[in-house]
Every structure is written in structure tokens, then in C-alpha cells.
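Here is a short briefing to read with the structure open beside you. We begin with salt bridges, then turn to the ligand, the surface and the backbone.

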Amino acid sequence: MAKVDPNGSLRGKVALVTGASRGIGEAIAARLAMEGAKVVCSARTAETGDSKLPGTLHATVDRIRAAGGDATFIKADLSSADDRERLVAEAVATYGPVDILINNAAVTFFIPVETFPKKRFDLMMEVQVWAPFHLSQLVLPSMRERRSGWIVNISSPAGIHPKQPYNRRGGGTVYGMCKAALERFTTGLASEVFDDNIAVNVVSPGLVDTPGVAVHGLINEQTKDRVQPIEFIAEAVYRLASGDPKTMTGRVDYAEPLLKELGIAPSELV
Ligand code: NAP
């Protein structure tokens with residue numbers, strides 16, 4: 001039975017999860033709370049009506065609190081530098097310095113290169129690449145000072161170079177560029193902060209049934225057998241957000257092989 005363990009392995013730890021109003025971010029927030037973390041959930045959608053998509057920060061926090069966990073939400077638009085700075089400042093004011101940063105939020109447009117608008121390119125790069133970079137800059141000084149911290153960036157197999165036979169419909173080039181940059185950022189930062197005892201890793205989900213995936217119609221007859229339970233991603237993120245920073249850092253992991261390597265089955269979520 002899924003439950004919150006207030007004395008779990010993340011007891012006393014403060015986790016900040018972006019994109020926690022729905023989908024994978026919501027699941028990650030629940031998983032970290034189950035281990036006793038104090039979880040700050042962030043996104044733009046606080047209440048029903050703020051977005052056309054299902055899911056709200058309020059509902060994520062209610063779900064965690066109903067199970068006995070500790071969570072709060074801070075509304076922030078990650079395309080805004082002011083919001084990013086306010087997000088971290090408010091998180092610290094509420095729960096104390098951030099121990100675990102999960103960069104999960106993403107906005108994605110699938111459009112071929114030839115007609116990709118600059119405005120959308122900039123927005124994707126801002127939310128998917130620069131926001132994780134900037135949020136890391138904002139939490140790193142206190143992690144360094146305390147010689148402890150975990151950053152997990154959520155990537156995608158889209159970051160891998162396409163191989164023949166090509167899917168000529170395409171449209172995922174910019175998404176792949178964002179995720180490739182995020183992965184290279186991860187391994188670079190992991191090496192920079194290794195001596196400070198800070199772990200920086202990637203979890204790369206396969207296809208997961210989320211509101212975002214539904215919008216893009218990514219689950220169909222050809223792909224339905226590849227759909228991965230959301231619990232796998234949440235478990236993999238929890239493990240990389242709590243592992244030994246000396247050995248579990250600089251990794252770019254797919255959830256299932258990582259859990260297999262660790263000999264762990266994913267927990268049900270509260
Ligand atoms: P989703 O259902 O579309 O949710 C995306 C989240 O990001 C939402 O909480 C959304 O919240 C937030 N977000 C978007 N733009 C934002 C902005 N400007 N400021 C703040 N928050 C923003 O996505 P998902 O499927 O759960 O995917 C989560 C992550 O996994 C993404 O990084 C995605 O690339 C990656 N991924 C997913 C899959 C999959 O199959 N689902 C596969 C590979 C990788 P608001 O709209 O409330 O702001």
C-alpha cells in the first residue's frame with residue numbers, strides 16, 4: 001500500500017519540483033513526499049480554470065497532504081527570470097534551503113525546422129534549457145555551502161540523434177535540441193560540483209501517458225505498447241535524488257534499466 005513515511009530517507013529535505021501541476025512532475029512530487037521530503041510544487045496552473053489541461057498545483061498539494069505528506073505550491077512562469085528568482089526565494093522562505101531540485105517542466109511544439117517560429121524556439125529554449133540552468137544557479141550557492149545537494153533534470157530519448165530509417169514527418173528537432181543541451185548541461189555541471197558533494201543527473205522517460213502527451217496525440221496504435229507506467233519515472237527520479245553524490249552523479253538514465261541495475265521495483269504512488 002502506498003503511504004507517506006514521515007521518517008523516510010528524505011526526512012527534513014526540501015525538494016523543489018517544476019512542472020508539478022500534472023503528469024510526471026506531479027508523480028515525482030508525490031514520490032519524494034512519500035519519503036518525508038517537504039515538497040515545493042511549481043507550475044503556472046494553480047487552480048482549475050488557469051489552464052485548458054487537467055491538473056493543478058492545488059490538486060497535487062492536496063493529494064500529498066491527504067496522504068499525510070508535507071507540500072506547498074508556488075505559482076511561477078519559468079519563462080520569466082523574475083518568477084524563477086521569486087520561486088527559489090519563496091521556497092527557501094517557506095521550507096528552508098533547497099536540497100533537491102527537479103527540473104521537469106517543459107513546453108513543446110512539434111513543428112518542422114523550415115517553419116519553426118523564432119518566438120516558439122526562444123520559449124522552448126528558455127523553459128527547457130535556460131530555466132533549469134538558472135534555477136541551478138539559484139540553488140547551488142547554498143548547496144555548496146552545505147556540501148550537499150541533488151539536481152535531477154528530466155530529458156527525453158528525443159535528445160538522441162535520429163537514425164535511419166528516418167521518420168520524415170519529424171517536427172521534433174527543436175525538442176531534441178533542448179534535451180540534448182539539458183543532458184550536456186547535466187554532465188558538465190556534475191563534473192563542476194563533484195568536489196562539493198552535489199549530484200547532478202538526468203532521468204529520461206520513455207513514453208508516459210500524461211496530459212502533455214495527450215495534447216500531442218503521441219499515444220496511438222503504433223506506440224501504445226511502449227507506454228511506461230509513471231511510477232517508473234517517479235521511482236528513478238527519487239533514487240537519483242537521494243543517491244551517493246560520489247557514485248551516482250553525471251548519469252543519463254532511462255528509468256527501467258536504472259531500477260533494474262539497482263534491483264528496485266517502483267513504488268505505488270499516494
Ligand atoms: P506535461 O503533462 O505537458 O506537463 C508539463 C508541465 O510543465 C506542467 O506541469 C506545466 O504546468 C509545466 N510547464 C509548462 N510550461 C511552463 C512554464 N512556462 N512555466 C512553468 N511551468 C511550465 O508534461 P509531461 O509529459 O509530464 O512531461 C514532463 C517532462 O518529461 C518534460 O520535461 C518532458 O519533456 C519529459 N518527457 C515526457 C515524456 C512523456 O512521454 N510524457 C517522454 C519523454 C520526456 P503549467 O501548464 O501549469 O505551467
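Arg31 is buried, with a relative accessible area of 2%; buried means under 20% relative accessible area, exposed over 50%, and partly exposed in between, with a 1.4 Å probe and protein chains only. Please keep in mind that this is a predicted model, where local features need pLDDT of at least 70 and side-chain atom pairs count only at pLDDT 80 or more, while totals for chains, interfaces and linings use all residues. Residues are numbered from 1 along each chain as its sequence is written, and side-chain values use heavy atoms, with hydrogens and water left out.

**Salt bridges**

- Arg31 forms a salt bridge with Glu35, with the closest N and O atoms 2.8 Å apart; a salt bridge is a side-chain nitrogen of Lys or Arg within 4 Å of a carboxyl oxygen of Asp or Glu.
- Glu35 counts as buried too, at 14% relative accessibility.
- Arg31 and Glu35 belong to a network of salt bridges that also links Glu235 and Arg239.
- By this rule, the count comes to 14 salt bridges.
- Another salt bridge joins the side chains of Arg84 and Glu126, at 3.1 Å from N to O.
- This pair links distant parts of the chain, 42 residues apart, with Arg84 in helix H3 (residues 81-95) and Glu126 in helix H4; helices (H or I, at least four residues) and strands (E, at least two) are DSSP runs, numbered from the N terminus.
- Arg84 is buried, at 1% relative accessible area, whereas Glu126 is partly exposed, at 24%.
- Asp253 and Arg251 meet through their side chains in a salt bridge of 2.7 Å, N to O, and both residues are buried.

**Around the ligand**

- The ligand has 29 residues around it, of which Arg44, Thr45, Tyr175, Val208 and Thr210 come nearest; a residue is near a molecule or strand if one of its heavy atoms lies within 4 Å of it.
- The shell divides into 15 nonpolar, 10 polar and four charged residues; Ala, Val, Leu, Ile, Met, Phe, Trp, Tyr, Cys and Pro count as nonpolar, Asp, Glu, Lys and Arg as charged, and the others, Gly among them, as polar.
- Helix H1 (23-34), helix H5 (173-192) and helix H6 (211-215) each supply at least two residues of this shell, and H6 gives the most, with three.
- An N or O atom in the side chain of Thr210 is 2.5 Å from an oxygen atom of the ligand, and a polar side-chain atom of Arg22 lies 2.9 Å from a ligand oxygen atom.
- The protein covers 93% of the 880 Å² of accessible area that the ligand has on its own; accessible areas come from the Shrake-Rupley method with a 1.4 Å probe, and for residues only the protein chains shown count as cover.

**Backbone points to check**

- Most residues other than glycine have a negative phi, and most peptide bonds are trans.
- Gln164 and Pro165 are joined by a cis peptide bond, with omega about 0°; Pro165 sits in the loop between strand S5 (149-154) and H5.
- Arg147 is not a glycine, yet has a positive phi of about 50°; Arg147 lies in the loop between helix H4 (118-146) and S5.
- Asn197 has a positive phi as well, near 70°, and lies in the loop between H5 and strand S6 (198-204).

Key
A polar contact is a pair of N or O atoms within 3.5 Å; within protein, one must be able to donate a hydrogen and the other to accept it, and residues adjacent in sequence count only if both atoms are side-chain atoms.
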